[in-house]
Amino acid sequence: MRPDENFPTQALRRCAAILALILALALAAGPVMAGSRDGPQSRAYAAYAKGDYVTAAALLIPLAWEGDAKAQGMVGYLYETGKGVPQDFVVSAQWYGCAAEQGDPTAQYLLGLAYDKGRGVPIDVVLSQKWLILAAARAGKQERDTFTRIRDAVASKMSRAQIAAAQEQAILWMPAPPYVPQPLWLNRPRSFTPF
């Protein structure tokens, strides 16, 4: 550990690497889990697993605009990492938000990390903790330990009042129906051109 790093930062990096591996494994298993081997989701997961991110993005983005939470979370991840699309943390956070509000635990986890690090959203440890609490509670066996460790690492930086506020927000949260973000270019400066 470098002297300028504290335990939560190192743990966050290690767990982020583990999450990337879990996501890659989940995407590789996607065609089997999706049911129809010929559907756009299956083709998107297969393209992602092969490293063909441009094709994966082309197949996932229409699904995301239709409100598919898993596709929205994956599109968010593509934008966060710059795979197949230009890297854009604001766009990434918006897609994570759409999927997280619908209850996708991986998107909730990644949105929590975005709020913790200020990637595409303002740093907000209370919102970060809210989403990490929800992600850990809703995660499958494979992800639960990682999500819980990160949730606890973020909590170690918070006051009791902040933790209580995050817990209250998590308790009051209810899944939203499928929705899509407002087109991003409406929120950008006039000089921004989406094409």
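Me: Which residue lies over the face of Tyr 45?

Reply: Start with the rule: a charge sits over a ring if NZ of Lys or CZ of Arg is within 6 Å of the ring centre and within 35 degrees of the ring normal. Here Lys 70 lies over the face of Tyr 45, at 4.7 Å from the ring centre. Keep in mind that this is a predicted model, where local features need pLDDT of at least 70, side-chain atom pairs count only at pLDDT 80 or more, and totals for chains, interfaces and linings use all residues. Residues are numbered from 1 along each chain as its sequence is written, and side-chain values use heavy atoms, with hydrogens and water left out.

Me: Thanks! How many aromatic pairs are there?

Reply: Rings of Phe, Tyr and Trp (its six-membered ring) pair if their centres lie within 6.5 Å; planes under 30 degrees apart are stacked, over 60 edge-to-face, and the rest tilted. That rule gives four aromatic pairs. One of them joins Trp 65 and Trp 95, edge-to-face, with 5.0 Å centre to centre and 85° between the planes. Trp 65 lies in helix H3 (residues 53-65) and Trp 95 in helix H5 (residues 89-102), so this pair ties together parts 30 residues apart in sequence. Helices (H or I, at least four residues) and strands (E, at least two) are DSSP runs, numbered from the N terminus.

Me: Is Trp 95 buried or exposed?

Reply: Buried means under 20% relative accessible area, exposed over 50%, and partly exposed in between (1.4 Å probe, protein chains only). Trp 95 is buried, at 4%, while Trp 65 is partly exposed at 38%.

Me: What about the rings of Tyr 109 and Phe 147?

Reply: Their centres are 4.2 Å apart and their planes at 10°, so the pair of Tyr 109 and Phe 147 is stacked. Tyr 109 belongs to helix H6 (residues 105-117) and Phe 147 to helix H8 (residues 141-155), 38 residues apart. Both Tyr 109 and Phe 147 are buried.

Me: Which residues have the most contacts inside the largest nonpolar core?

Reply: A nonpolar core is a set of buried Ala, Val, Leu, Ile, Met, Phe, Trp, Tyr and Cys residues joined through side-chain atoms within 4.5 Å. The largest one has 48 residues, and Leu 60, Tyr 109 and Trp 131 have the most contacts inside it. Helix H7 gives the most to this core, with eight residues.

Me: And how many helices does the protein chain have?

Reply: The protein chain has nine helices and zero strands. Of its 195 residues, 44% are buried.
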